[in-house]
Amino acid sequence: MRNITTTTRTVLLLVITILMMIAYHGDAIACPQVNMYLAQCLPYLKAGGTPSAMCCNGLNSLKAAAPAKPDRQVACNCLKSVANTIPGINDDYAKQLPSKCGVNLGVPFSKTVDCNR
């Protein structure tokens with residue numbers, strides 16, 4: 001059996017994620033979409049500094065994809081789950097991300113937020 005390279009795996013994962021996003025198009029937002037939008041933010045969330053333009057673009061896309069309160073609550077729960085699952089994410093950096101990108105998500109990005117409010 002052939003050995004799959006890291007690049008091939010990464011491309012395959014990206015294609016699967018895009019297909020998942022297409023499948024959810026028109027429906028309520030889902031965690032795979034939220035994760036895709038914010039994947040470029042991981043370096044900032046771990047080390048701070050200035051978020052990349054790609055990160056802020058993803059944050060803007062997330063805002064556009066979650067216009068209604070139920071969508072924002074789903075996104076909030078996804079963000080909270082990611083913040084608590086991926087090691088090294090700094091909660092203070094996460095809380096500052098929307099303001100650093102100039103985007104008001106309507107939900108905070110934090111490990112401790114109550115997404116039902």
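Leucine 97 touches Cys41, Tyr44, Leu45, Pro51, Cys55, Leu59 and Phe109, leaving aside residues up to four places away in sequence. Contact here means heavy atoms within 4.5 Å. This is a predicted model: local features need pLDDT of at least 70, side-chain atom pairs count only at pLDDT 80 or more, and totals for chains, interfaces and linings use all residues. Residues are numbered from 1 along each chain as its sequence is written, and side-chain values use heavy atoms, with hydrogens and water left out.

**Nonpolar core**

- The largest nonpolar core has 28 residues. Such a core is a set of buried Ala, Val, Leu, Ile, Met, Phe, Trp, Tyr and Cys residues joined through side-chain atoms within 4.5 Å.
- Leu38, Leu45, Leu62, Leu79, Leu97 and Phe109 touch the most other members.
- At least two core residues come from each of helix 2 (31–38), helix 3 (42–47), helix 4 (53–65), helix 5 (69–85) and helix 6 (91–101). Helices (H or I, at least four residues) are DSSP runs, numbered from the N terminus.
- Helix 5 gives the most, with six residues.

**Disulfides: overview**

- The structure holds four disulfides. The criterion is a pair of cysteine sulfur atoms within 2.5 Å.
- With the bonded cysteines numbered in sequence order, the pairing is 1-6, 2-3, 4-7, 5-8.

**Cysteine 31 to cysteine 78**

- The S to S distance of cysteine 31 and cysteine 78 is 2.0 Å.
- The link of cysteine 31 and cysteine 78 is left-handed, with -90 degrees about the S-S bond.
- This pair links distant parts of the chain, 47 residues apart: cysteine 31 in helix 2 and cysteine 78 in helix 5.
- Cysteine 31 is partly exposed, at 34% relative accessible area, whereas cysteine 78 is buried, at 2%. Buried means under 20% relative accessible area, exposed over 50%, partly exposed in between (1.4 Å probe, protein chains only).

**Cysteine 56 to cysteine 101**

- The sulfur atoms of cysteine 56 and cysteine 101 lie 2.0 Å apart.
- Their link is left-handed, with -75 degrees about the S-S bond.
- Cysteine 56 sits in helix 4 and cysteine 101 in helix 6, 45 residues apart.
- Cysteine 56 is buried at 13% relative accessibility, and cysteine 101 is buried at 15%.

**Cysteine 76 to cysteine 115**

- Cysteine 76 and cysteine 115 are joined with an S to S distance of 2.1 Å.
- The torsion about their S-S bond is about -75 degrees, so this disulfide is left-handed.
- Cysteine 76 lies in helix 5 and cysteine 115 in the segment after helix 6, so the pair ties together parts 39 residues apart in sequence.
- Cysteine 76 is buried at 2% relative accessible area, and cysteine 115 is buried at 5%.
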